[in-house]
There are 2 protein chains.
Amino acid sequence: MTQRQIKLGAFLMQTGHHIAAWRHPEAQADAGVNFRHYVELARKAEAAKFDAIFFADGVAVRNSNPAALARIARSDQFEPLTLLSALAAVTERIGLIATVSTSYHEPFNVARKFASLDQISGGRAGWNLVTSATTAEAQNFNREHQFAHADRYRRAAEFHDVVTGLWDSWEDDAFPRDKEAGIYLDTSKLHAIEHRGAHFQVRGPLNVARSPQGRPVVVQAGASEDGRDLAARTAEVIFVAHQTFEEAQAFYGDIKARAAQYGRHPDAVKVMPGIFPVVGRTQAEAQEKFERLQSLIDPLVGVSLLSGITGGFDLSGYDVDGPLPELPPTEGPQSRQRLLLDLARRDGLTIRQLYLRIAGARGHQQVVGTPGSIADQLQQWFEEGGADGFNIMSPWFPGGLDDFIGLVLPELRRRGLFRTEYQGSTLREHLGLARPEHPAVLARRAAAAPRAA
Amino acid sequence: MTQRQIKLGAFLMQTGHHIAAWRHPEAQADAGVNFRHYVELARKAEAAKFDAIFFADGVAVRNSNPAALARIARSDQFEPLTLLSALAAVTERIGLIATVSTSYHEPFNVARKFASLDQISGGRAGWNLVTSATTAEAQNFNREHQFAHADRYRRAAEFHDVVTGLWDSWEDDAFPRDKEAGIYLDTSKLHAIEHRGAHFQVRGPLNVARSPQGRPVVVQAGASEDGRDLAARTAEVIFVAHQTFEEAQAFYGDIKARAAQYGRHPDAVKVMPGIFPVVGRTQAEAQEKFERLQSLIDPLVGVSLLSGITGGFDLSGYDVDGPLPELPPTEGPQSRQRLLLDLARRDGLTIRQLYLRIAGARGHQQVVGTPGSIADQLQQWFEEGGADGFNIMSPWFPGGLDDFIGLVLPELRRRGLFRTEYQGSTLREHLGLARPEHPAVLARRAAAAPRAA
């Protein structure tokens, strides 16, 4: 048996994950709408044998504070699925994961787009299924306020089931395309979903053949109670934010146990925490790189960043060098808010200290160190039940990704923890996820099996 | 002043526009989900200097008759915008027009995707705005029946206004991205649409910078009364189906007059009828190519094709060699039904004769001839007030497109009627459409102009 290896996603995001990345002298300031920028990053990640590139998303300009909005590089960005389709044409092997919200789309359209991307890319598509949590997004879609947290997740769960059902509209061999006989498709291998649920009525079938992966890979990020339950039932990859190894271990164990309760093998769910690495040849060099970025954060931006993560709570009236006030309950992303509060209380942080702490990684694990120390931490999380892999959130592009590829990957490879070449050609193969058989095939096989007496 | 020249779209569609194209020995039978197929066609069209490639769409498997469905190659196809994004990455100059329905999408999502495509492609995106007219589509989107014809168009009109308003969310110079000063964007150049209408409430702004074309090109195809009115107000390109030159002339004159009533210059609306060309070096060779395709049509398919075009009326009980029965009114695409009836009555056609007549071009002008005779017809329509250009619907791929490029284009070029090289780099420049200035810029200019006494 070959050694279990770390899975790695390259989380691409405009100029970088640090809030001030766009001000870095080497950053491509117009990265959000610069296609060549993403072509270069995607090819870099592919040359380095990452499992996938990953794109987050939001369906609004999210900051309502004009002074902060003016200083943040998040308001002009490509719609990720459009971008990913274009990147599919200029890459060969790397997986392609895009975020599309279940809150403001229709499942038929989403199923079709990802099935199309899976066809175009030869089996490299992944869908990061999220719910939309902000008022700003709701107001772009005919609503005054966002849906309640539990409602979003009920809709998301049904949305997932409709999409995966639509992906199974056709068996793999439903299209003989026999020119002589004039038979293009076999209607006995067509399975319209005929779904009638609380949120959706969708007849089907999808007008795309079953795709190379059977189904594109389903990714999720929610870490709330509702989010964990949905992920344990449906997700194949989970991106998650942790601050400590203990949190990571607890989450990992919890998710794998929940998955087992849904009759799933623990290996069928890959847990990949986000990691924000600042890499230096020495610890001092790493620290210097980090401080350089931190020094570029305008306090207006830091405070508004906290407001954004707390679900819109306005912190601008509070002393930036005083403590974080009590926060009201929110219908926004609950897990992040809890994490933030835990962090501030644990370390007795002021508002400024807190925003400086999270400005880079936004609640994800921030590691500032040498290739050896970073590899040590990844190895520990990976080998001691904290992670199956990591979503690498480079502080700035391209330098932060270059550092990880050039310095940390060789160290992981030296330890046998990361691939030197792709073995498969699909995202499922990279991740070690089985290609799902068609339910009708499974049912026929079960019917044909000899019965127990 | 340079000679006015014909605009040409290459209407790409799986194996070809003829209903039996997939059975042609040279056809790529799996074209619908074969990305390489489309890469080849797109590059061919670009090398031939077409203005744009064009993709139609439908959001359902449309045939409910299993025997016919099994014999038609229309049930597995890429979602066109996903496909077009991928093609953007492997082409340089040609325009990219995808159909997206206003009936079952949200304007914020559509505005974002086309703005992204326009950024990715360097200003080559066009949106073919349609309404969805079939029950099969409605049933994939939480409905039992399609919307009524007039309701679809009211929604489409409001949808258009929201999308174009979102495209103007930012002035062209709204993103200074000044690293030193820390100012990424200029909030004084942000214009949230704050739309509140009968169908949509959309606050904005869009989270994509204003795109290279200012706005992607808006294309429409409706030829009903509602469709003409919407197109005259909002469309920049109109694809339309005509059977005769007289029809084409009447439509052309009507649309240009309606556009003038909306205060638009007639040249701001390009009329491009669909043309289905079967090209031979001699008339006999052309005819032979056509008959070869016609002979591949299964009668089951022919009859069901008519049912589809008549809005779902089931013709399977009628004598295929008898006359077409009276058809009830429909909420389906009205202009096509009327056109079909006119055609059958005019020529006294049986059901078989009618399906053979429309199997290829589906109501568009079918021309079977030599390069000279086809060029004559295009020239007449173009010079005598019937068309600004044509959307070329190749009977089969790649051969039908090769014939048009290799035989007809040289003849058009010899007459000075078609370009030998691209002059511009955006779709607007190819089509001779002005880049729309931002409304706020126009308003400031108007305010600054000296007032009349």
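Let me begin with a definition: contact means heavy atoms within 4.5 Å. With that in place, the chain pair can be described: 100% of the interface residues of chain A are also interface residues in chain B, so the copies meet through the same surface.

Some conventions come next. This is a predicted model, in which local features need pLDDT of at least 70, side-chain atom pairs count only at pLDDT 80 or more, and totals for chains, interfaces and linings use all residues. Residues are numbered from 1 along each chain as its sequence is written, chains are lettered from A and ligands numbered from 1 in the order in which they are written, and side-chain values use heavy atoms, with hydrogens and water left out.

Turning to symmetry, chain A is superposed on chain B by a rotation of 180 degrees with 0.0 Å of shift along the axis, at an RMSD of 0.0 Å (least squares on the C-alpha atoms of residues with pLDDT of at least 70 in both copies). That is the relation of a two-fold axis. The residue of chain A that comes closest to the rotation axis is A:A86, at 1.9 Å for its C-alpha.

I now move to a helix pair within chain A. Helix α6 (residues 149-167) and helix α7 (residues 225-234) of chain A have axes that come within 10 Å and cross at roughly 10 degrees. Helices here are DSSP runs of H or I with at least four residues, strands are runs of E with at least two, and both are numbered from the N terminus. The axes are lines fitted to C-alpha atoms over the stretch in contact, with angles from 0 to 180 degrees between N-to-C directions. The two helices, α6(A) and α7(A), are therefore roughly parallel to each other (angles under 35 degrees).

Which residues does UniProt list for "binding site"? The unreviewed entry gives A:D57, A:T99, A:H149, A:Y153 and A:S224; such annotations may be inferred rather than shown by experiment. A:H149 is buried, with a relative accessible area of 6% (buried means under 20%, exposed over 50%, partly exposed in between, with a 1.4 Å probe and protein chains only). A:Y153 is also buried, at 14%. Not counting residues up to four places away in sequence, A:Y153 touches A:T131, A:G222, A:S224, A:D226, A:G227 and A:L230.

Finally, a backbone detail: a cis peptide bond joins A:F397 and A:P398, with omega about -5 degrees. A:P398 lies in the loop between β11 (389-392) and α14 (399-414) of chain A.

Notes:
Angles under 35 degrees count as roughly parallel, over 145 as roughly antiparallel, 65 to 115 as roughly perpendicular and the rest as oblique.
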